[in-house]
Amino acid sequence: MQNGYSTSNAPVKMSARKVDVFYGDKQALKGIDLDVPARSVTALIGPSGCGKSTFLRSLNRMNDTVRGCRVQGEIKLDTLDVYDNSVDVVQLRARVGMVFQKPNPFPKSIYENVAYGPRIHGLAESREELDAIVEKSLKQAGLWKEVGDRLAEGGTGLSGGQQQRLCIARALAVSPEVILMDEPCSALDPIATAHIEELIDELREEYTIVIVTHSMQQAARVSQRTAFFHLGILVETGDTKTIFTNPSDERTQGYITGRFG
Amino acid sequence: MTDMAAEPNQLAAMPADQGIHMTDKAKRRLKARYAAERRFRLIGMAAILFSLAALAVLLFTILGNGFTAFRQTHVQLEIQFEPDQIAPVGTTDTAKLMQGNYGALITKSLQQRFPEASSRSNRRALEALMSAGAEVQLARMVADDPSLLGQTRKVWLPAHSNVDVFVKGQVDTTAAEADRRIKDNQLGWINALKATGDLELRFNTRFFTGADSREPELVGVWGGVVGSFYTLLVTLAVAFPLGIMAAIYLEEFAPKNRWTEIIEVNINNLAAVPSIVYGLLGLAVFIGFFGMPRSAPFVGGLVLALMSLPVIIIAARAALRAVPPSIRQAALGLGASPLQAVLHHVLPLAMPGILTGTIIAMAHALGETAPLLMIGMVAFIVDVPATPVDAATVLPVQIFMWADSAERGFVEKTSAAIIVLLVFLLLMNLAAILLRKKFERRW
């Protein structure tokens with residue numbers, strides 16, 4: 001289980017082979033091999049600066065926006081080579097959505113926040129269709145009951161947890177296949193965190209989710225597979241249960257028991 | 001080690017209930033700190049008071065000097081529109097009507113009022129009471145309404161500037177007759193007209209509707225206002241889109257390398273180039289090379305656009321930079337193209353800052369004189385420009401020209417024009433504040 005190849009029977013949604021990421025001259029990731037199984041939650045854990053967020057952001061090429069960032073190796077979404085020159089980044093990011101660490105709703109109405117993605121991708125033919133997408137996404141994100149009657153209000157006026165669920169609804173509205181979450185709960189209180197975790201658990205029936213988290217408990221609660229990163233390399237990956245109860249690498253053992261990190 | 005050895009002794013010398021922060025020395029230090037703080041506040045307040053006083057003096061002087069210009073001395077005369085002097089009854093040809101001898105009508109009316117002034121010199125002194133504009137005003141009246149021919153009407157006509165400054169007390173009214181422009185006989189007529197209510201200060205409409213003139217009693221700022229408006233319109237139309245596009249490209253898309261750095265440094269330098277240099281550039285390029293018309297607001301607008309461009313670019317870049325990167329990431333993460341992310345999200349959020357910077361640049365351009373002198377907008381133009389390519393002047397240049405005029409009557413007109421300019425500047429700043437308030441959003 002030293003390598004990241006999936007051993008379970010679940011089909012692989014995204015896969016990374018020998019991925020190196022550089023920021024200028026500095027190498028942030030070295031030879032990452034990892035499979036992300038479909039319709040499940042994969043947690044990326046590791047101490048700060050280990051490269052887990054960098055890896056996450058290379059899955060939908062958000063790293064392209066960082067100056068001096070280079071990615072080598074192969075990342076595949078189904079059979080599509082993500083870093084192939086022919087790939088349209090806009091299309092890729094529609095298929096691989098993202099939720100960020102800090103809730104970042106647009107300073108527009110709740111409705112506009114959710115409707116923006118479908119609109120730029122032309123997913124709705126009519127106003128009714130768009131309304132339906134907005135309602136469905138907000139329902140999926142568990143936000144409809146709270147904001148369904150005030151869609152015209154500003155998205156930034158919501159509480160932190162609601163804002164983050166709004167961001168999730170916004171990502172869902174584009175109908176992505178994979179959702180990347182970069183420490184989605186780190187700015188939230190425990191109750192809001194519990195909400196988001198429940199939501200993630202529901203979403204994995206339909207979506208493939210990759211989540212970066214600093215919280216061991218969160219990784220253990222929400223994920224089926226866990227990958228442990230340390231100093232730019234993928235130390236160990238496997239079923240979450242195995243990683244947390246019977247890790248095969250000493251460093252993993254040390255990290256999850258709190259000896260470093 | 002010696003320090004450590006000395007410390008217990010010091011501690012022992014202090015009373016038991018005093019810590020290191022309660023010694024006399026510490027109290028003195030604290031007192032000095034408070035004193036320094038009080039001094040700083042006093043100096044700051046003094047600076048503000050000084051600038052407020054300077055502003056008050058400036059406003060007071062300008063208002064005091066300029067307010068009288070809003071009212072102008074007018075004389076009411078009973079004019080007989082004699083067809084003999086103008087044109088036969090029934091004439092409707094404007095050009096013919098305008099050619100009538102209206103001066104004779106005014107002279108006749110004045111003489112009927114003061115029959116005793118029959119000598120040649122007295123008649124001339126009587127005529128000198130009225131402005132040259134009085135004839136033009138009568139001619140316009142008849143041209144607008146030819147049915148006046150043959151009738152008699154009471155008409156308020158502008159008095160000469162000499163009378164005006166005398167009535168307003170802006171010249172020494174007690175000086176010896178030889179030193180006065182208003183002689184004793186004229187003084188008598190003025191008083192007589194005043195006594196019957198036929199000479200009074202009336203609202204100076206001409207000042208707000210007319211253009212430049214050789215006679216101070218006939219001048220108006222409207223020509224300058226329209227010239228300024230056309231100039232700023234061209235400036236805005238050129239500098240605003242160019243500035244925003246340059247800022248967006250430099251801030252959001254351009255690679256950060258030596259070239260963009262050089263461009264950035266040069267833009268910052270351009271903002272500091274003296275405005276008259278832009279005037280020379282405009283003269284050489286727009287007029288010399290492209291052969292554009294002199295004195296035209298269009299060329300003036302282009303010159304001011306070049307001058308405002310760096311300021312707008314700098315303001316727009318600062319506003320774009322102030323938009324949090326999380327907004328860009330949110331849009332990009334949803335699959336928006338970089339241009340969509342900028343146009344849909346970043347630019348609207350940066351708009352208040354960009355607009356504020358633009359309006360301040362425009363206000364600066366509105367007050368600019370030097371570069372416009374270089375492209376010939378300093379000409380004497382008596383017509384209100386109809387298009388941006390007509391010869392025109394602008395408000396600040398108008399002020400400059402009036403300030404240069406020798407006649408006493410121009411003093412108040414200069415100040416009044418400054419008041420008009422200040423009102424426009426205030427309005428623009430108000431617009432900047434309102435726009436900022438309107439577009440301001442939190443994130």
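Okay, housekeeping. Residues count from 1 along each chain as its sequence is written, and chains are lettered from A and ligands numbered from 1 in the order in which they are written. Since the model is predicted, local features need pLDDT of at least 70, side-chain atom pairs count only at pLDDT 80 or more, totals for chains, interfaces and linings use all residues, and side-chain values use heavy atoms, with hydrogens and water left out.

Let's start with the cores. By nonpolar core I mean a set of buried Ala, Val, Leu, Ile, Met, Phe, Trp, Tyr and Cys residues joined through side-chain atoms within 4.5 Å; buried is under 20% relative accessible area, with a 1.4 Å probe and protein chains only. The largest one has 105 residues, and A:Met14, A:Leu44, A:Phe55 and A:Phe229 touch the most other members. The top contributor to this core is helix H15 (residues 338–366) of chain B, with 13 residues. Helices here are DSSP runs of H or I, at least four residues, strands are E runs of at least two, and both are numbered from the N terminus.

Have a look at A:Phe55. Skipping residues up to four places away in sequence, A:Phe55 touches A:Ala16, A:Leu29, A:Ile32, A:Leu34, A:Leu44 and A:Phe229, where contact means heavy atoms within 4.5 Å. Apart from that core there's another, of 41 residues, including A:Val114 and A:Leu166.

From chain A, H3 (residues 110–121) and H6 (residues 160–172) have axes that come within 7 Å and cross at roughly 30°; axes are lines fitted to C-alpha atoms over the stretch in contact, with angles from 0 to 180 degrees between N-to-C directions. H3(A) brings A:Ile110, A:Asn113 and A:Val114, and H6(A) brings A:Leu166, A:Ala169 and A:Arg170.

Over to chain B: what does its domain assignment give? Domain 1 is 71–203 and domain 2 is 222–439, with bounds from an automatic or database assignment. Their C-alpha centres lie 45 Å apart, and the contact takes 7 residues from domain 1 of chain B and 4 residues from domain 2 of chain B.

Last stop, A:Ile179, in strand E7 (residues 178–182) of chain A. Why does A:Ile179 count as buried? Because its relative accessibility is 0%. A:Ile209 is 30 residues away from A:Ile179 in sequence, yet their C-alpha atoms are 4.9 Å apart. Leaving aside neighbours within four places, the contacts of A:Ile179 also include A:Gly97, A:Val99 and A:Leu172.

Conventions. Buried < 20%, exposed > 50% of the residue type's maximum accessible area, 1.4 Å probe, protein only.
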